[in-house]
Amino acid sequence: MSLVFQPIEPRTAPVPMEGFVPWVRHNLFGNWKSTVATLIIAVLAVLYLPELTNWALFKAVFRPSLDECQAARGTGACWGVVAEKYRLIILGRYPYAEQWRPVIATLLLVGLIAVSCIRLFWKPWLVALWVIAIAAFFLLMGGGWFGLTRVPTDQWGGLPLTIMLATFGIVLAFPLAVVVALGRRSRLTAIRSVCTIYVELIRGVPLISVLFMASFMFPLFMPPGTTPDVLLRVLVGITLFAAAYLAETVRGGLQAIPKGQVEAAQSLGMSYWQTQRKIVLPQALAIVLPGIMNNFIAIFKDTSLVTIVSLYELTGAMGLALNSDADWRPYKIEGYIFIALIYFAFCFSMSRYSLWVEKRLNRSRLR
């Protein structure tokens, strides 16, 4: 049989993506739809950005002067409300003389989270560091030991409460979600049914209902005279709610793993938990990493709902700071913009870290 040579048609050279101009050409003017969208946004920016800049910066009042804010009302922002009320917004109703404690506790917790996100520190001693840091956090916040004044949990608030609820909600919800996701794929009918009922029941009601039940109805099922702390009840409610949604995300990753890999592991004599821990879960979690991070961001933002049970986190503390003062009440917009920037800073950092992890995982797959 004779072979016939068929030349391959020449292909266009790849478009260079390095540099500012190639990036702009590819991302902003790649096709006619992208070009039209870019031009519309540019026109809107030209029309409204100068006026917004004047309101936010050039004509704004930055000093905590009520007279200057009244004079600039309607033409410039009053950032003086932040300068005047920042301690109450950031730290809530925590006693003024003891506010150094939540500052140190929050910095300690945020620093621990940052260290935990670096692969270099993924060592066995990191678990012990978490235990020590958590104990130090509650010691500083609650007091009652080593000469620290006792501060009840109903006076905790502001950013420390938001970070604490989000951190422990994520840390506690993730392992529970993995167990529930595995339970929903179990061959045992009883386990599968319990996990399915839990997920569908929790996902069928809003978080506000879960928090309300955890705060007001849960004590009714406790023995007489036993009333768990309201902060503990809220944390349990957030954990259960977040775990139900996160479990479905993890289950989607589990379903994406070919059955052949599980069968190959069984043929090698690996147990069920060895297969899940070494083969299935690492791949499944990597596949649904964007969805997992999306759930983490949602948990961080959902902490704003705890205000309904009289726990004044960042959003609630801002409302408490301005609603209690009729002079500064008209400048709520500036207050909401301030806390929105705080939420954006944390959520954007989580999003960028997720992208960094995705790139690392994609790079490891190509090797």
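Visitor: What volume does the second largest pocket have?

Guide: The second largest pocket has a volume of about 510 Å³, where a volume is the space filled by probe spheres set on grid points joined across faces, edges and corners. The model is predicted, so local features need pLDDT of at least 70 and side-chain atom pairs count only at pLDDT 80 or more, while totals for chains, interfaces and linings use all residues. Residues are numbered from 1 along each chain as its sequence is written, and side-chain values use heavy atoms, with hydrogens and water left out.

Visitor: How many residues of each class does the lining of the second largest pocket have?

Guide: There are eight nonpolar, five polar and four charged residues. Ala, Val, Leu, Ile, Met, Phe, Trp, Tyr, Cys and Pro count as nonpolar, Asp, Glu, Lys and Arg as charged, and the others, Gly among them, as polar.

Visitor: Which element gives the largest share of the lining of the largest pocket?

Guide: The largest pocket holds about 1700 Å³ of space, and 39 residues line it, of which Ser116, Cys117, Trp122, Phe296 and Tyr353 lie nearest its centre. The elements that give two or more residues to this lining include helix H12 (272-287), helix H13 (289-302) and helix H15 (332-366). H15 gives the largest share, twelve residues. In this lining 29 residues are nonpolar, five polar and five charged. The element names are DSSP runs numbered from the N terminus: helices (H or I) have at least four residues, and strands (E) at least two.

Visitor: How is the packing of H6 and H7 described?

Guide: Two packed helices are described by the angle between their axes and the distance between the axes. H6 and H7 pack at about 145°, with their axes 13 Å apart. The axes are lines fitted to C-alpha atoms over the stretch in contact, and angles run from 0 to 180 degrees between N-to-C directions. Trp130, Ile134, Phe137, Phe138 and Met141 in H6 meet Pro160, Met164, Thr167, Phe168 and Val171 in H7, contact meaning heavy atoms within 4.5 Å. Nine of the contact residues are nonpolar, one is polar and none is charged.

Visitor: Why is lysine 85 called buried?

Guide: Buried means under 20% relative accessible area, exposed over 50%, and partly exposed in between (1.4 Å probe, protein chains only). Lysine 85 has 13%, and is therefore buried. This residue of helix H4 (residues 80-91) touches Ala321, Leu322, Asp325 and Trp328, not counting residues up to four places away in sequence.

Visitor: Why is phenylalanine 146 called exposed?

Guide: Phenylalanine 146 is exposed because its relative accessible area is 74%. Phenylalanine 146 lies in the loop between H6 and H7 and has a positive phi of about 55°, although it is not a glycine.

Visitor: What makes serine 310 count as partly exposed?

Guide: Serine 310 has 42% relative accessibility and so counts as partly exposed. Serine 310 is found in the loop between H13 and H14, with a positive phi of about 65° although it is not a glycine.

Terms used:
1 Å grid on protein atoms, 1.4 Å probe; cavity = no way out; pocket = protein on both sides within 12 Å on 5 of 7 lines; lining within 4 Å.
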